[in-house]
Amino acid sequence: MRESLRFLLGDRLVEIESCDPTLTVLDWLRLDQRMTGTKEGCAEGDCGACTVVVGRLDRARVRYEAINACIRFLPTLDGCQLLTVEHLKGADGSLHPVQQAMVECHGSQCGFCTPGFVMSLLALRLNEAEPDTGRIEDALAGNLCRCTGYEPIIAAGRRVDEIAPREADRFLLEREAVAARLAALNDTETLALQGEGGRFYAPATAEALAELVAAYPQATLVAGATDVGLWVTKAMKRLDPVIYLGRIEALRTIRDEGDHLRFGAMAGHIDVRTALAALSPQLDELMRRFGGEQVRNAGTIGGNIANGSPIGDLPPALIALDAKLVLARRDETGLERRTIPLESFFIEYRKQDRRPGEFVEAVLVPKLAEGVLFHASKVSKRFDEDISAACGAFRLTLGSDGRISEARLAYGGMAGIPKRAKAAEAALVGQLWNETAVAAAIAALPQDFTPLDDMRASAHYRLRIAGNLLHRFLIETTEAETQTRVAGLLAEAAHG
């Protein structure tokens, strides 16, 4: 095992031998390094004031990602490069083109949120050439401006390439050199850190992970920390030990295996969205609304499932698609695996079918057959960067006579776990796909769910919108001329 954390802070190598496993990048920057350009606003990954850019190796190339420093644990940066707003100025003190564009377009008002916006725009510039206005808005959706100055900031995003060509950006010119330095830092040893707050482990192989999970069954497994980070910053939990999965490249793979896609548990939401979008534009829009870009950069498909949240957006869609889960653990000869239907993984609130020593290794998602109808919807208080009040995903198979031969209706936010509406499904099977069938299914929903009243929605509202989402599915599949969405990718396509 290697007992020192190593990463690049700008172009400076940082080596740390003792570190609290849940020390956040934000606290380390502000309190240890006195780099105060990165701000704390919400401490829960919502406002974007703490946005920094992390460069990590992705198939021998540096991939730059905007992330929330307030909920990212410092030891997870092992083998990466960390860029903050302080790194943007030139050697002569000149502004970076992103900063200059913000000045020229009057993109800063009180200024508190400005470093976060600048870093989100930097990540966009480093990854994409000539983004359009819609893409700029998407990249900034995870940054909240307290002064409501979004238009000048979006204008700055359009202005950057006019100030200086992207290919001349010094971060891109240095990309190959940074990749070589990161390659030298990345190894196959398990990182093992000890700090006052406990222990942190980051294995580089699935086999090493299995050994650690077997040795420490009480450990908290961390993927993107987009939820676990809040356990620390809001619930003040002490996590010991922490096992981080982000160094295991084998868990990041996405493969087309014929009739299904295989996602490694650590496949990130950005790549998962691209793959699932090929199955259905409904999935593309659903994943477009996963938090902000910072959350999508950090979050993973396995983390979204293993977390077991009843309001996770992806499980209902995957359950409707009849996805399978591959669980692995160590045995005498290596890795022992079992494959189960995803829906059976969720037992009750925060309780899953995960045996001692097991971890989520992969998710198997079937492709949609010809003629199968599929739909996914999310309802939240705001369109961007918000948690669902309720989420619904539906798959129907119609026979040659137009009658429904199979129905899979899955919901999130309606119970303590993501769950199928089996009474509503039974009301649909054998019926023609029409208003009468949908009315019967909606009437059956109270047999399937007794939702809660909470800050996001009342039980009455949840039942109402659960039925309305099913009705929207009918309209969108039988009345193409009727518009059912006022925002989002599908609305743009319909109006476009």
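Mentor: Start with R350, in the loop between β14 (346-348) and β15 (351-352). Keep in mind that this is a predicted model.

Trainee: What is phi of R350 near?
Mentor: Near 60°. That is a positive value in a residue other than glycine. Most residues other than glycine have a negative phi.

Trainee: Is R350 buried or partly exposed?
Mentor: Partly exposed, because its relative accessible area is 37%. Buried would need under 20%.

Trainee: Peptide bonds next. What about the one from D240 to P241?
Mentor: That one is cis, with omega near -5°. Most peptide bonds are trans. P241 sits in the loop between α9 (228-233) and β9 (242-244).

Trainee: Switching to helices. Which residues of α10 are buried?
Mentor: In α10 (residues 269-277), they are H269, V272, R273, A275 and L276.

Trainee: Where do they fall, seen down the axis of α10?
Mentor: Within an arc of 170°, so the buried residues line one face of the helix.

Trainee: And the surface: which residues gather in a patch of negative charge?
Mentor: D132, E137, E151 and E492. One of them, E137, belongs to helix α4 (residues 133-140). E137 counts as partly exposed because its relative accessibility is 39%.

Terms used: Residues are numbered from 1 along each chain as its sequence is written. This is a predicted model: local features need pLDDT of at least 70, side-chain atom pairs count only at pLDDT 80 or more; totals for chains, interfaces and linings use all residues. Side-chain values use heavy atoms; hydrogens and water are left out. Patches are made of residues with over 30% relative accessible area and no salt bridge: like charges are joined within 9 Å, nonpolar side chains (Val, Leu, Ile, Met, Phe, Trp, Tyr) within 5 Å. Accessible areas come from the Shrake-Rupley method with a 1.4 Å probe; for residues, only the protein chains shown count as cover. A salt bridge is a side-chain nitrogen of Lys or Arg within 4 Å of a carboxyl oxygen of Asp or Glu. Lys and Arg count as positive and Asp and Glu as negative; His and the chain ends are not counted. The place of a charge is taken as NZ of Lys, CZ of Arg, CG of Asp or CD of Glu. Helices (H or I, at least four residues) and strands (E, at least two) are DSSP runs, numbered from the N terminus. Buried means under 20% relative accessible area, exposed over 50%, partly exposed in between (1.4 Å probe, protein chains only). The arc is that of the directions from the helix axis to the C-beta atoms.
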